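Hi there,

Here is the structure I promised to pass on to you. Have a look at it first, and then read my notes below.

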Amino acid sequence: MDSLRRFPADLGILCFGTNDIHDAAWQGSTPFTEAYRQFIASLSHIDQLILCTPPPIFEDEAWNEKLQQELIPAILKLGKDMKLPLLSLYAVFSSERLPYLMADRVHPNKNGISLIVRKYI
């Protein structure tokens, strides 16, 4: 965390949880939320933080169901509790449904990042 303080920033866009929701890693929304809350608190040197919901995982409906039922509600509640704005990447990428926006069916590539910037920033 100390290394983050070496890079002053006006804006931090946080998108966590996609890898955490995988069956082998997922311990439930409570441990995830607490770890995320602590991480956000460590970023107090950043002027504005924005939380993101993860984009959908293409070609994996079971993973998407877990995102929709467990992870996204936890992120929405965390954002509300901490009074942070939210970007719904799940909604944007679901409406686009274009695999060329993803590097590996899970994480946005440079085209996906450009879409995020055009839609929100």
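Let's start with the inside. In this predicted model, the largest nonpolar core holds 21 residues. Leu14, Tyr36, Ile40, Leu49, Leu51, Leu67 and Leu71 are the ones with the most contacts inside that core. At least two of its residues come from each of α2 (29–41), β2 (48–53) and α3 (61–81), and α3 gives the most, with six. In soluble globular proteins, nonpolar side chains tend to be buried together.

Next, find Thr18 in the loop between β1 (11–14) and α2. Is Thr18 buried or exposed? Its relative accessible area is 7%, so Thr18 counts as buried. Leaving aside neighbours within four places in sequence, Thr18 is in contact with Pro54, Pro55, Ile57, Trp63, Leu71 and Val106.

Finally, the charged side chains: there are three salt bridges. Arg37 meets Glu34 at 3.8 Å, N to O; these two are three residues apart in helix α2, so about one helical turn separates them. Arg37 also pairs with Asp81 at 3.9 Å, which links distant parts of the chain, α2 and α3, across 44 residues. Asp81 in turn forms a salt bridge with Lys77, their closest N and O atoms being 2.8 Å apart. Through shared partners, Glu34, Arg37, Lys77 and Asp81 join into one network.

Enjoy exploring!

Technical notes. Residues are numbered from 1 along each chain as its sequence is written. This is a predicted model: local features need pLDDT of at least 70, side-chain atom pairs count only at pLDDT 80 or more; totals for chains, interfaces and linings use all residues. Side-chain values use heavy atoms; hydrogens and water are left out. A nonpolar core is a set of buried Ala, Val, Leu, Ile, Met, Phe, Trp, Tyr and Cys residues joined through side-chain atoms within 4.5 Å. Buried means under 20% relative accessible area, exposed over 50%, partly exposed in between (1.4 Å probe, protein chains only). Helices (H or I, at least four residues) and strands (E, at least two) are DSSP runs, numbered from the N terminus. Contact means heavy atoms within 4.5 Å. A salt bridge is a side-chain nitrogen of Lys or Arg within 4 Å of a carboxyl oxygen of Asp or Glu.
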